[in-house]
Amino acid sequence: MRLDGRRESSNVDDRRGRSGGGGGIMKAGLGTGGVIIVALLVWLTGGNPLDVLMSGDTMSSVAGTETEYTPTQQEEELAHFSRQILAGTEDVWSEIFRQNGLEYEAPRLVLYTGSVLSGCGGAEASMGPFYCSADKSVYIDLSFFMDMRRTLGADGDFAYAYVIAHEVGHHVQNLLGTLPKAHELMSRQSETESNHTSVRLELQADYYAGVWAYHDNRMFGSLEDGDLEEALDAARKIGDDYLQTKARGYAQPETFNHGTSAQRHRWLKKGLETGSLSGGDTFSMPYSSL
């Protein structure tokens, strides 16, 4: 990506080096999220992190402690990159909301190491990036990007940008009212139905990530040769079927709560090609058509 000269967002809470305390949940943005791989602990066992979130199974209190911490140069570069991508989402979504007669409220980006206490409870770095609707914040341990490369072979700056943009996509869902309505619906559904609703949320967040990239490129000329392929490859490698098969040799479709590789690739690509806020309705069509 071409990011030289691009501004950094100041809407960042850098908690790196602080211990957030013991475990908890994750992915509040939707039963799970982020892009994104929020999975190996929960996805791969067929669980739905939202079930834990909605049940209130979170840490009641955690005393954060300061520890001596010196980030590596690579981590500092990733922090700078993340601030620039967040700034890009602020610029793009502020304009899209303005064009639709709405006002955009930017999310906060929380950088942490190891574990963290969010407005939605405690989370571990191993669970991946997540969006918490309770405090309207995106949480990420930057080591996740290195894990993407080592564990999944998904690499490249635009693949990393997709992770952040996906989580911001959940924030967009929250502002538009889609996320709270879906969460309320999921609380009344069977496990299978709830998983289907979760998939619809995830695919829409993928679509919004594509919409952001479309407009970011139009505004700033940010995309370079190979960038689209990086993101689409990452989308394929975080599909439920790909992750489950990689982890245990087979997939269980009834447990999918993020979408298949083909679905995630399809909706991200659609957003990248259209850039239209209105084209991401994953809720009206039959589930089999997603």
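Axes are lines fitted to C-alpha atoms, for helices over the stretch in contact, and angles run from 0 to 180 degrees between N-to-C directions. The model is a predicted one, in which local features need pLDDT of at least 70 and side-chain atom pairs count only at pLDDT 80 or more, while totals for chains, interfaces and linings use all residues. Residues are numbered from 1 along each chain as its sequence is written, and side-chain values use heavy atoms, with hydrogens and water left out.

The chain contains nine helices and eight strands, where helices (H or I, at least four residues) and strands (E, at least two) are DSSP runs numbered from the N terminus. Of the 290 residues in the chain, 56% are buried; buried means under 20% relative accessible area, exposed over 50%, and partly exposed in between, with a 1.4 Å probe and protein chains only. Among contacts between residues at least 6 apart in sequence, 78% join residues at least 24 apart, a contact being heavy atoms within 4.5 Å.

Two packed helices are described by the angle between their axes and the distance between the axes. Helix 6 (residues 191–220) packs with helix 4 (residues 157–176) at an angle of about 115°, the axes being 7 Å apart. Helix 4 and helix 6 are therefore roughly perpendicular to each other, given that angles under 35 degrees count as roughly parallel, over 145 as roughly antiparallel, 65 to 115 as roughly perpendicular and the rest as oblique. Their crossing is right-handed; a crossing is left-handed if the near helix is turned anticlockwise from the far one by less than a right angle, and right-handed if clockwise. On the side of helix 4 the contact includes Phe158, Tyr162, His166, His170 and Leu176, which belong to a set that meets residues of helix 6 including Leu201, Asp206, Tyr208 and Trp212. The residues of this contact divide into 12 nonpolar, five polar and two charged, where Ala, Val, Leu, Ile, Met, Phe, Trp, Tyr, Cys and Pro count as nonpolar, Asp, Glu, Lys and Arg as charged, and the others, Gly among them, as polar.

Helix 6 also packs with helix 9 (residues 261–274), at an angle of about 35° and with the axes 6 Å apart, and this crossing is right-handed. Residues of helix 6 that take part include Val199, Leu203, Tyr207, Val211 and Tyr214, and those of helix 9 include Arg264, Trp267, Leu268 and Leu272. By class, the contact of helix 6 with helix 9 has 10 nonpolar, four polar and five charged residues.

An open sheet is formed by four strands in the order 1-4-8-7, with mixed pairing; two strands pair if DSSP finds at least two bridges between them. Strand 1 (12–14) and strand 7 (130–132) are the edge strands, each of which pairs on one side only, and neighbouring strands of the sheet are turned by 25° against each other on average, direction ignored. Within the sheet, strand 4 (residues 108–111) and strand 8 run parallel and are joined by four bridges, with Leu111 standing opposite Ile140 in strand 8. Helix 2 packs on the sheet, where it touches strand 1 and strand 4, and its direction makes about 170° with that of strand 4. In the loop between strand 7 and strand 8 lies Lys136, which has a positive phi of about 50° although it is not a glycine, and which counts as partly exposed at 29% relative accessibility.

Strand 5 (residues 115–118) and strand 6 (residues 121–124) pair in the antiparallel sense over four bridges and form a hairpin with two residues between them. Ser115 has Glu124 as its bridge partner in strand 6, and the partner of Ser118 is Gly121. Strand 6 also holds Ala123, which counts as buried at 1% relative accessibility; the C-alpha atoms of Ala123 and Tyr139, 16 residues apart along the chain, are separated by 9.2 Å.

In helix 3 (residues 143–152), the buried residues are Phe144, Phe145, Met146, Met148 and Leu152. The elements that cover them include helix 2 (73–99), strand 8 (137–140), helix 4, helix 7 (227–237) and helix 8 (240–248). Just after helix 3, Gly153 takes a positive phi of about 70°.
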